[in-house]
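Visitor: I'd like to know where the labels on this model come from. Can you walk me through them, definitions included?

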Amino acid sequence: MKAKPDTLGPRLDKPAADIRLYLLHGPDEAGAAELAQRLARALGPQAERIEFDGSALKARPGTLADEAASLSLFGDARYVRVNAMGEESLEAVTLLLSAERAGNPVVALAPSVKGTGKLVKLVSAAPNAYECACYVPDAQAAGRLATALARDQGLRLSHEAAERLAVASGGDRAILAREIEKLALFLDAAPDQPRDAGLPALDAIGADLGEAEMFGAIAAIVGGDAATAGAEVAALEAGGNHSVPLLRMTVRKLLSLAEMRAEIDAGDRPADVIERHRVFFREKQPTMDALRRWSSPQLARAIERLRQTERATMSGASAGDVLTAHVAVAAARSVRR
C-alpha cells in the first residue's frame with residue numbers, strides 16, 4: 001500500500017499487527033530515519049532491534065522472513081531495521097510478504113530505490129506492507145512541517161519562527177525536530193501545557209544553524225578545492241559539531257547534480273537542464289561548472305561515501321569530525337583528478 005509521510009506517521013505510532021514491512025524510500029534520508037524512529041518509540045525502549053544492511057539480503061534472501069518470524073529471547077517486542085535496501089532485496093521482500101507468519105515488523109530505509117522500480121511496485125500492491133516516498137521539503141513545506149512538529153510538542157510557533165526554523169534546518173527533518181525539542185524544553189512546553197514560541201525564544205536557544213554557514217565547505221567540495229574544503233570543515237567543527245548537517249546538505253547538493261547530470265547523459269543540453277531545474281541565477285554558472293566537472297559515476301561514489309560517513313558518525317563509534325573532514329577532502333580531490 002502507498003502512504004505519505006504525514007499519513008504514515010500515525011500508523012507507525014500505533015503499528016498494526018498485520019503490517020509486515022514499512023519501506024521508506026527517496027532522497028530524504030533524515031525524514032525516513034525520523035519515521036523509522038517513530039516505530040521504535042511505539043514499540044518501547046525494551047524492544048529488541050535487529051539491524052543489518054540490504055546488501056546482506058542478496059546472498060541470503062530468506063534472512064528477512066526468518067528474523068521477522070523469530071521470537072525475542074526475553075519475550076520483549078522485537079523489530080527489524082534494514083539500512084540501504086536496494087533492488088537486490090526484491091526476493092527477500094517477496095519471501096517476507098508471502099511468509100506463513102511474521103510477528104515482528106520490518107522497517108527498511110531505501111534511499112537509492114526509485115519509485116518506478118520493482119521493489120516499490122511490489123510493496124505498493126501488497127495489502128500487508130506500506131511504501132512511502134520521502135522527499136526533502138521545500139521552504140514552504142518545511143515551514144508547515146515545523147508548525148506540525150511544534151504542535152506535537154505543545155508549541156504554538158509564530159509564522160516568523162516557523163520560517164526561520166525551516167531555513168535553519170535546511171529542510172532536514174531530524175535537525176528540525178531536534179531544534180523544536182530544545183525549544184519545548186526551554187519554554188517548558190507540553191501537549192497539555194502549550195506555550196507560544198516566537199523569534200525571541202529562537203534567539204535564546206541559538207537556533208541559527210543554516211545552510212549559509214556551510215556554503216563555503218559545500219562549494220569547495222563541489223568545486224574540487226581540497227585545501228579549502230579541509231579548512232572550511234575544520235572551521236565548522238571548531239564552532240561546534242556540524243558533521244551530520246554538513247554531510248546531509250552536501251549529499252542533497254550532489255543528488256541535485258546527479259539528477260541533472262543524468263539528463264545531460266541522456267542527451268539534453270546543459271543550459272536546458274539548468275533552466276528546467278530552476279537553478280537560482282547566481283548559481284547557474286557554478287552549477288554549469290560542476291556539471292562539467294562531475295561525471296555520474298563520480299557523483300554516485302561520492303554520495304555513497306558521504307552517506308556511509310553519516311551512518312558511522314551517527315553510530316557514535318567514530319570520530320565524526322575527523323571522518324567528515326577526510327571524506328570532504330577525498331571527494332574534492334577525486335573530482336579534481
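Guide: Let's start with helix 13, which passes helix 15 in a right-handed crossing. The model is predicted, with local features needing pLDDT of at least 70 and side-chain atom pairs pLDDT 80 or more, while totals for chains, interfaces and linings use all residues. Numbering runs from 1 along each chain as its sequence is written, and side-chain values use heavy atoms, leaving out hydrogens and water.

Visitor: What makes the crossing of helix 13 and helix 15 right-handed?

Guide: A crossing is right-handed if the near helix is turned clockwise from the far one by less than a right angle, and left-handed if anticlockwise. Helix 13 passes helix 15 the right-handed way.

Visitor: Why are helix 13 and helix 15 called roughly perpendicular?

Guide: Their axes cross at roughly 70° and come within 10 Å. Roughly perpendicular covers 65 to 115 degrees (under 35 is roughly parallel, over 145 roughly antiparallel, the rest oblique), so helix 13 and helix 15 get that label.

Visitor: Which residues of helix 13 and helix 15 make the contact?

Guide: Lys253, Leu257, Met260, Arg261 and Ile264 of helix 13, with Thr287, Ala290 and Leu291 of helix 15; contact means heavy atoms within 4.5 Å. By class that's five nonpolar, one polar and two charged.

Visitor: How many cavities of 30 Å³ or more turn up, and what makes something a cavity?

Guide: One, in a search of the whole structure. A cavity is a set of points on a 1 Å grid, over the protein atoms alone, where a 1.4 Å probe fits but cannot get out. The largest cavity has a volume of about 100 Å³, volume being the space filled by probe spheres set on the points. Among the 10 lining residues (an atom within 4 Å of a point), the closest to the centre are Pro27, Glu29, Ala30, Arg248 and Arg252.

Visitor: Which helix gives the largest share of that lining?

Guide: Helix 13, with three residues.

Technical notes. On a 1 Å grid over the protein atoms alone, a cavity is a set of points where a 1.4 Å probe fits but cannot get out, and a pocket is an open set with protein on both sides within 12 Å along at least five of seven lines; lining residues have an atom within 4 Å of a point. Helices (H or I, at least four residues) and strands (E, at least two) are DSSP runs, numbered from the N terminus. Axes are lines fitted to C-alpha atoms, for helices over the stretch in contact, and angles run from 0 to 180 degrees between N-to-C directions. Ala, Val, Leu, Ile, Met, Phe, Trp, Tyr, Cys and Pro count as nonpolar, Asp, Glu, Lys and Arg as charged, and the others, Gly among them, as polar.
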